[in-house]
Amino acid sequence: MKRILFFLPVLLVVLTGGFLLWGLDADRNPSAIPSVLISQPVPQFDLPPVEGLGLPGFGSVELEQAGEVVLVNVFASWCVPCRAEHAVLTRMVRETGVVLMGLNYKDKPADITAWLDNLGNPYDRVGSDLDGRAGIEWGISGVPETFIIGADGLVLYRYVGPIIGPKAEAEFLTALEQAQQAQAEAEAGV
Amino acid sequence: MAFWFILVALGLLALLLVILPLRGAAEPLADRRDGAMAIYSDQLREVEGEARRGVISADEARGATLEIKQRMLALNRSQVGPDYNAAAGGRKTLVLVAVLVPVLAGGIYFSLGSPGTESLAFADRQDEQADAAEVDNLTARLEQRLMDDPQGGPSEGWVLLGRTYMRMGRFEDAANAFATLAGREDVTADILSQYAEALISLENGVVTPRASQVIDRARELDPRNPAGVFYKAVALDQQGKSEAAHALLIARLNAAGALQPWMEIFVDQANRIGMTLGKSMVELASFAPEVSAPASGPSAAEVVAASDMSESDRAAFVRSMVERLATRLETEPGDLDGWLRLANAYGVLGETEKSRNAFLRARDLAADLSAEDPRVSAIAAGIAKAGGE
Amino acid sequence: MIPEIGQFALALALVLALVQSVLPIVGAARGNKLWMQSAWATSLGLVLFVGTAFAALIRSFIVSDFTVANVAENSNSLQPLFFKIAAAWGSHEGSLVLWVLILTIFGLSVSLFGTNIPAALRARTLSVQAWIVVGFLSFLLLTSNPFDRLIPPPADGSDLNPLLQDIGIIIHPPLLYLGYVGFSIVFSFAVAALIEGRVDEAWARWVRPWTLAAWTSLTAGIALGSWWAYYELGWGGWWFWDPVENVSFMPWLLGTALLHSAIVTEKRGAFKSWTILLAILTFSLSLLGTFIVRSGILTSVHAFAVDPARGIYMLGLLAIAIGGSLALYAWRAPDMEGGGLFAPISREAGLLINNILLTVATGIVLFGTLYPLFLEAVTGDKISVGAPFFNAGFIPVMLPLVLLTGIGPFLSWKRADLMGVGQRLKAIAVVSTLIALGIWYLTTGGPALAILALGIAVWLLLTTLKEWGLRIKLFKAPFAESLRRLRSLPRASHGMTLAHAGLAIAMFGFIGSSAWKTEQIVFVTPGVSVSIAGFDVTFEGTQRVQGPNYVADRGTLTVTRDGAPVTTMYPERRFYPVTRTGTTESAIRETLAGDLYATISVPASDGAAERAWTLRILYEPLVSFIWIGATMLLLGGLMSLSDRRLRVGAPRRKARAPANATPAE
């Protein structure tokens, strides 16, 4: 009995080691923290349009009354991964027809206008969050981040970081499809 | 030279360190029993001292003293370990190990290091920096001259400027230089595709709508421009139309006829895209008859040999290759790409009639391809070039 | 050429370490003196060659030799010299070279200063130490070669990453984790003892100085890291329960337990297998810490570049080192003879409780650090464990420990008289309670836990002083007599007093700056006043100041108290044009009573008309006591380390016969 007790440390270490090995999985992103907002209504905010862009801004009201599943993408012209993500978002909008709203985080109107002119504009609305207040309300941890908002203005899903690569895209699209399906079922039920 | 000297010196130092104990039996080794005994004696003295100072009671002191003495007795009863001071063998092993040290280290070093690669302090790279500054300077002057020119500067000048900026990795400046030319009458597909390349490099390989427009213009001017085709394929792939991108690349490769420098990149790119689509790999050899393997083309050795041949020998060599292809196609008449290649090869050899026949065979096979397939237009163009129906 | 010499030196070090891994330990088993002695020279060689490699690396950084990939990736020709040098150990590869260098320095120290240690134990210990060196050198050479070349070299180093410019981020992690490399040697001693199969009172004595040295350097590392975060980084706090901080704190907690349990082993021959287990686990936690910092398995402000291949290799090393040593422990430890018996109330029992509490505290920190990983693996949920968890788990364990620390030194070995101790400490208990109540009255009902903790800290300080006073018969005997007793007291005893009192004093700082910290964040325009902790701080406006390589907006804050001027503070917002980065320079007014800490940040809006700055003012009471207390802990460690008794050895060149004789009564 006593001898067995002396094996306890090794067992504990092996167990911990197993978890550590699991944690090393290259596909695991320790920074991906789910938002406290999940299943919560969107935070209260109202963003003005970007000056000179010619697209309307948006706020909580627009999201609550959207009547369909909407994506909110936090982006900025100064953010390098956003450029790479831009192509993915553009394709996603073209292929799925989902409504995409841009939360333009701490960006100069002239910069973002030039950026969108150059890369093309997949956004239906772009709100200018010049001082980052809306970003704080949304609790973002960095740029880019993308949220899936239900028709009733509930935050359904949050993706931290750029949606780049087949795995990330598949993950995000699955979440989007589920959201849209749930929405369709809810409508059919009504 | 100094480097090797230092290396040998370090290796020798390591060797010497290992054989250092051979120098002679220095001082005797500390023995466990002696050491422990010294510590217990010290503990005894300490207990005595504490008792004297009144820190511990006489009772406690007695108990502690008894315990320490028991330890001493136990130590004396314990087995005496080997007398290390008496033993002194293993000299040969030590020398052998010592010699092995630099040898093994050398082995590790030569597999990991880059022997003889000089270090290069930033401060010592003034020549290189001066060169870079000189290029910067010349480029700036060229740009200034072009800007100051009331006629807008000669197109060759802008092309030179754009290419220089591309080489320097200043993609934005390069794009600006090419953009100046984009609006001109004499703009060529070549210039436009370089412009597109600058725009794409600027976005780390992402084809922007603006770049896409430029690519389309380049292709309007010359649908066969390899760079234009290449970037069109990249753009298609990024839009998710990987099938079309793959087909476009293969069609252009088929239309090449003879080995061209850009074909290798095309093959790589086609395979990269093809992999995600689950298509089988293509090889450079199947597009350039010069590089086909013996069963269906020449071996690499034959190709090398071909490049050393005289003009007439080479023509004969190519002809034999083409005939081999023609024979193979007789047995496998369903190979559309093969017929296209054969048609192109005959075209290159100047045998218009045979080329036209091959194109016609290809057209029959391509009958159920959609009109958008680039091969269809390639066939039509080939027939027209070879004298029509 | 220089980088290649560094590379070759590392290869030589690896082979020498392999030699040292085998020869001495085989020599000890077969009684070959020559092979055992070879450890001395090889451990010197290890320091020489790893040192050469580190010097070569630093030189490459200084001259910006971009043919070395590591240099090109981690520095830039435009950086100031200081940053270039710091980048040498700021990078993953460079810091590992430093890690190994420290490992080898501890090995050499045992060769040089451990002359009183029996030759066989020393040879085995050095071999085990060399195993660790082999593990890390091979990790370095195979997965993170610091001398990989880049031909042709890039025109310049990597873009000036703002992180590379933040000297604090570069220096903070090494400070934290270098301290714990020292426990490697204690680990080696423990494994050597398990191989030898002999752990006794003498063994504990031989190992004590090394435990003390490791503990002292880790204490210094943690204190410096914390000090750095507070003053230089302007983080406005001294401890954040960040994973990187936790992984350095766990070895400290367990190392403290080890320090105390080894005393029992040394005096009474008890706790043998427990002491060995602690020695193994302490270094295992250090290894785990290195792994966590290096693998990016947990998020932290400090994370290094993530590379799964490195992670796997390192996890393999951990499995061999920790798993192997614990398996050896499970095999050998049950055979160790028990030591002297003791009553439930005795010094031994007190130290046992001390050990249990410290181990539980370590367990709580370990659990909190790894819990996010466990939870994610089991349920997929992601959470972050923050200060509330650690405070809630850690403090309730530490308070009884501190209470006990006050009593422990009064307990005698074997069987203690609790009533007698109670009589002696009655007065102090009353005084501590009164002081706690007084503080409660003064702060009109501050947080109850803080007042309790403060009372306990006072208790520890007073009991420690009392114990010291009793030992030298202060005020009980003539002063000259007390002075004589003071001198004859063993240094280790003074060390204990210093360390315990230091802990009490540091606690004042911990408690004061956590419980009574006040903070104000306001938008200010010139002329606006803010009141904080009895001070009135007036923002006078900002000025453009030109620094050597930056421009700064320097704010002027006049501080008054009840109308009387106290001081003027100048927090700055700096901008470095070359790197296009900004930094915040806080202004701190330090007093014993508390620090006033001010930072300004970017005007709230770009509109020129209303240039309102964001002013953050903190008042951290008693925070200086943390640094005073930490210094005392450090001095306590050094004082104990200088104790004569730690160097007792067998007289040299002594014939065997006298040693076998029973000493005279």
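Me: How many salt bridges does the rule find across the interface of chain C and chain B?

Reply: The rule finds nine of them across that interface, where a salt bridge is a side-chain nitrogen of Lys or Arg within 4 Å of a carboxyl oxygen of Asp or Glu. The model is predicted, with local features needing pLDDT of at least 70 and side-chain atom pairs counting only at pLDDT 80 or more, while totals for chains, interfaces and linings use all residues. Residues are numbered from 1 along each chain as its sequence is written, chains are lettered from A and ligands numbered from 1 in the order in which they are written, and side-chain values use heavy atoms, with hydrogens and water left out.

Me: What area do chain C and chain B bury between them?

Reply: The size of an interface is often given as the accessible area lost when the parts come together. For chain C and chain B this is about 6,900 Å², 61% of it on carbon and sulfur atoms, where buried area is the accessible area (1.4 Å probe) that two parts lose on being put together, summed over both.

Me: Why is C:Lys473 called partly exposed?

Reply: Buried means under 20% relative accessible area, exposed over 50%, and partly exposed in between (1.4 Å probe, protein chains only). C:Lys473 has 33% relative accessibility, so it counts as partly exposed. This residue is found in the loop between α17 (448-471) and α18 of chain C, and its phi is near 55°, a positive value in a residue other than glycine.

Me: Is C:Asp562 buried or exposed?

Reply: C:Asp562 is exposed, because its relative accessible area is 72%. It is found in the loop between β4 (551-561) and β5 (564-569) of chain C, and it has a positive phi of about 50° although it is not a glycine.

Me: Which residues of α2(A) are buried?

Reply: In α2(A), the buried residues are A:Pro9, A:Val10, A:Leu20 and A:Gly23. They cover an arc of only 130° around the axis, which puts them on the same side of α2(A), the arc being that of the directions from the helix axis to the C-beta atoms. On the other side of α2(A), A:Leu11, A:Val14 and A:Leu15 are exposed.

Technical notes
Helices (H or I, at least four residues) and strands (E, at least two) are DSSP runs, numbered from the N terminus.
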